[in-house]
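Welcome! Please take a moment with the sequence and the model before reading on.

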Amino acid sequence: MKFNTKTIHGGQQHDPAYGSVVPPIYQTSTYAQSTPGGHKGYEYSRTHNPTRNALESALASIENGNYGLAFGSGLSAIDAVLKLLKPGDEVVSTNDLYGGTYRLFTKIYEDFGIKFHFIGMENSNKIEAYITPDTKLIWVETPTNPMMNIIDIVAISKIAKKHNVLLAVDNTFATPYLQRPLDLGADIVMHSATKYLGGHSDVVMGALIVENKDLAERLYFIQNASGAICGPQDSFLVLRGIKTLHIRMQRHCENGRVVAEYLSNHPKIENVYWPGFKNHPNHHIAVSQMDDFGGMVSFTTKGNNYDKAIKIVENLKIFTLAESLGGVESLAGHPASMTHASIPKEEREKTGVVDSLIRLSVGIEDIDDLIADLKQAII
Ligand code: P1T
């Protein structure tokens, strides 16, 4: 089955009860048993729920994995991966990453005795120096949030395999429409399904997808034992979102390209971060591991003025000033004061998250309206 067919049919079957074509929302916490243990495969909805299972099968299918797991948020999915570790273990992580992920690593898991090395991974040769016998996980976000750095998944997976370390890739920005990390050698794919997978800014959800059975079993154990699952209504919504992922992503990519090119020719703009530019430092890697460049674009204005950046995001009328990304509607954010405010200023500035940085999630509206909005907003 090819990708566009998978988004609609992958891992799906008509509901066995009445043949319903769309998986019903099984809004139940529990399931009747005829005798203790005498049930139809479902006993309690933290452990299994048919609507969530339908979604988990779809997730596995679109990421070319064998097992999918859905969680109550992207961060709870990451949290489940971290629970594979124990005190004394070390993690090598991308230094430019979602602020909430950084906060989870440094404010929660460092206290549990896990050591994190945050490094720029644009040059994959740099990683090996940080790997010790205690390293158990390499955490990669690509493209990174918000600087749009591109990390070479194949190269890093070779290093991970050589040292017997798990490689997890946060595939939120690219989605499997553009990039399939398991095919590139990753062990775990993670998503904030809140974003492109859901696609309509109406659900908060996370996902993990793996190929390996033992790893899947460990993660299912954590999912059930820790309990950060998502509900059936949200599972239904994300399953519905996935069915149009391919056509939405196609338009996100088309609009993202026009916005990136418009900004790069704008006299008041200093830098535009978008992996589709030939002069993006890892454009060649983006070309090799992604099928297009996505709908996320970040930029800075000349003079790096905080107040001016705030004014620009306030001026926007069709782009909504809001946290999050990946929905059909265009959003704009100011990472330094919003999504990445939990990273200390000196740390975030090292990776380029300066005061004038603005991040756009380019939606699927008419591109002329989006360009006109940017034109009137940029001062
Ligand atoms: O918000 P949540 O569903 O818990 O997902 C966290 C997360 C993980 N990984 C990436 C790459 C993300 O972008 C996010 C969430 N990001 C935002 C809310 C944001 O505006 O960047």
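## Where the ligand sits

Please keep in mind that this is a predicted model. If you are looking for the ligand, go to the second largest pocket, which is where it sits. Domain 1 (3-243) and domain 2 (246-377) both contribute residues to the shell around the ligand, so the ligand lies between the two domains.

Two elements are handy landmarks here. Both α3 (74-82) and β6 (188-192) supply at least two residues each to the shell around the ligand.

## Who surrounds it

There are 18 residues around the ligand, and those that come nearest are D170, S192, T194, S324 and R359.

Start with the backbone. A backbone N or O atom of G74 is 2.9 Å away from an oxygen atom of the ligand. L75 also places a backbone N or O atom 2.9 Å from a ligand oxygen atom. The range of α3, 74-82, takes in both of these positions.

Next, look at a side chain. K195 has a side-chain N or O atom lying 3.3 Å from a nitrogen atom of the ligand. How much of the ligand's surface does the protein bury? Taken alone, the ligand exposes 480 Å², and the protein buries 93% of that.

Now please turn to the loop between β4 (135-141) and α5 (153-162), where P143 lies. Most peptide bonds are trans, and most residues other than glycine have a negative phi. Against that background, this loop deserves a careful look.

The peptide bond from T142 to P143 is cis, with omega near -10°. Another cis peptide bond joins N145 and P146, with an omega of about 10°. P146 is likewise found in the loop between β4 and α5.

Key: Residues are numbered from 1 along each chain as its sequence is written. This is a predicted model: local features need pLDDT of at least 70, side-chain atom pairs count only at pLDDT 80 or more; totals for chains, interfaces and linings use all residues. Side-chain values use heavy atoms; hydrogens and water are left out. A residue is near a molecule or strand if one of its heavy atoms lies within 4 Å of it. A polar contact is a pair of N or O atoms within 3.5 Å; within protein, one must be able to donate a hydrogen and the other to accept it, and residues adjacent in sequence count only if both atoms are side-chain atoms. Accessible areas come from the Shrake-Rupley method with a 1.4 Å probe; for residues, only the protein chains shown count as cover. On a 1 Å grid over the protein atoms alone, a cavity is a set of points where a 1.4 Å probe fits but cannot get out, and a pocket is an open set with protein on both sides within 12 Å along at least five of seven lines; lining residues have an atom within 4 Å of a point. A molecule sits in a cavity or pocket if more than half of its atoms lie within 2 Å of its grid points. Helices (H or I, at least four residues) and strands (E, at least two) are DSSP runs, numbered from the N terminus. Domain bounds come from an automatic or database domain assignment.
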